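I opened this notebook to record what I looked up in one structure. The entries follow in the order of my questions.

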Amino acid sequence: MTTPTGAAASRGPQSLLRVRGRSVGWVPPLLLLLTIALLDWNSTSGFRMISWVVLVPGIAAAICGVWGTSVAAALAVVTYEIEDHAWPHELRTGVPDFILVIAGGVLAVLACAVRVRGERRMLHMQDIAETTRHTVLRPLPADWGGLDHAAAYLAADSVARVGGDFYDIQPGPHGTRVLVGDVQGKGLGAVAAASALLGTFRESAYHEPLLATVAERLETRMLRHVRYRTSIGRDDGDRFTTAVLLGFPPTDPCCVEVVNFGHEPPLVVGPGGVRPLPPGEGLPLGFGPLADGPPPVRRVRLAPGETLLLVTDGVCEARDGAGEFYPLREKVARAVAEDPRAADPDRLVPLVRDGTLHHCRGRLADDTTIFAVRPRPSVAH
């Protein structure tokens, strides 16, 4: 779920130290202050520690808010005064250390203010990225378009949390259409291309009776997008997108139409095993002028209980420490052989996601999308 931007100010590292929802960030500075005071009180006359209270506001600045740091700084000054004046005059640390404690407190409060301001800005940017992500990858109802589906999206940039992978399901009067794609490159340029393609897909997939026409509109949209970005001075001249376009005709729900724009072929996963669809003959979106025409529309029969598994490069190119690629087909086939229910979309996606992350030890080289879809039993029969 997207966190409201207005909540950004209430989150941050200082909120991590909580017990039952209550902040306990003040505990470490207070314990440190008491420890220093007790050690100084019980120390020998030749070794005074009270000046170490200057560390207290510094610790508070790292884990507390501005008010908490200010209180810690004030307590450090008061403790220093009380403790130092309890000693004989000749054993007091004197004015220089008192000035040091005051200066340390002031600097700690200023540092805390800078830290909190930076945190709020970072959280605000994360909220914007999360909102952008949910705008591009809109939430899909469980029974959207008469399909069982599940998806996992992992951005290679864990801070940005958004990239060039995309997916969507669009039901309409001519059947339900599915699009999964991977825009070349990363950053806002890739997000913009993904958003443009998804907008075209959602409209054309609903209105156009032929899947081939939807494919042509996607190619045209990609070319227009690249020309526009180039005309405003953005370096998108070589931007392209690999994608798989699926169509589930309403007259034959056990059949799926497939248009592959240079993407990894989907896997058909079912109780009987795993089989790949034929490799895509088409070029990626954006390379249409180099081809004789749009990619062909292939029709594939699906047996009851079979699921289409579509992944992007983050899965295909995940490597372990020895440089070996993740054996997606073998892993899925083994899991289905052990438990046929592993072909269910809501089990298949976590299986592939966890297997990919374990294989590459969480170090993703590219944005990763795992999308599984199949006709609902009530529709297929």
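Is the crossing in which H5 passes H6 left-handed or right-handed? I noted first that the model is predicted. I then found that the crossing of H5 with H6 is right-handed.

**Entry on the helix pair.** I looked up how the two helices pack. Two packed helices are described by the angle between their axes and the distance between the axes. For H5 and helix H6 (residues 211-231), I read an angle of about 145° and axes 9 Å apart. On the H5 side, I listed residues that meet H6, including Gly189, Ala192, Ala196, Leu197 and Phe201. On the H6 side, Val214, Leu218, Arg221, Met222 and His225 are among the residues that meet H5. I recorded the make-up of this contact as 9 nonpolar, 4 polar and 3 charged residues.

**Entry on Ala196.** Ala196 counts as buried because its relative accessibility is 11%, under the 20% cut-off. Which residues does Ala196 contact, leaving aside its neighbours within four places in sequence? I found Arg221 and His225. Ala196 and His225 are 29 residues apart in sequence, and their C-alpha atoms lie 7.3 Å apart in space.

**Entry on Arg361.** I turned next to a loop. Arg361 lies between helix H9 (345-359) and strand E12 (368-375). Most residues other than glycine have a negative phi. Arg361 is not a glycine, yet I read a positive phi of about 55° for this residue.

Methods:
Residues numbered from 1 in each chain as written. Predicted model: local features only at pLDDT ≥ 70, side-chain atom pairs only at ≥ 80, totals over all residues. Heavy atoms only, no water. Helix = DSSP H or I, 4+ residues; strand = E, 2+ residues; numbered from the N terminus. Buried < 20%, exposed > 50% of the residue type's maximum accessible area, 1.4 Å probe, protein only. Contact = heavy atoms within 4.5 Å. Axes fitted to C-alpha atoms, helices over the stretch in contact; angles between N-to-C directions. Left-handed = near helix turned anticlockwise from the far one by under 90°. Nonpolar A, V, L, I, M, F, W, Y, C, P; charged D, E, K, R; others polar.
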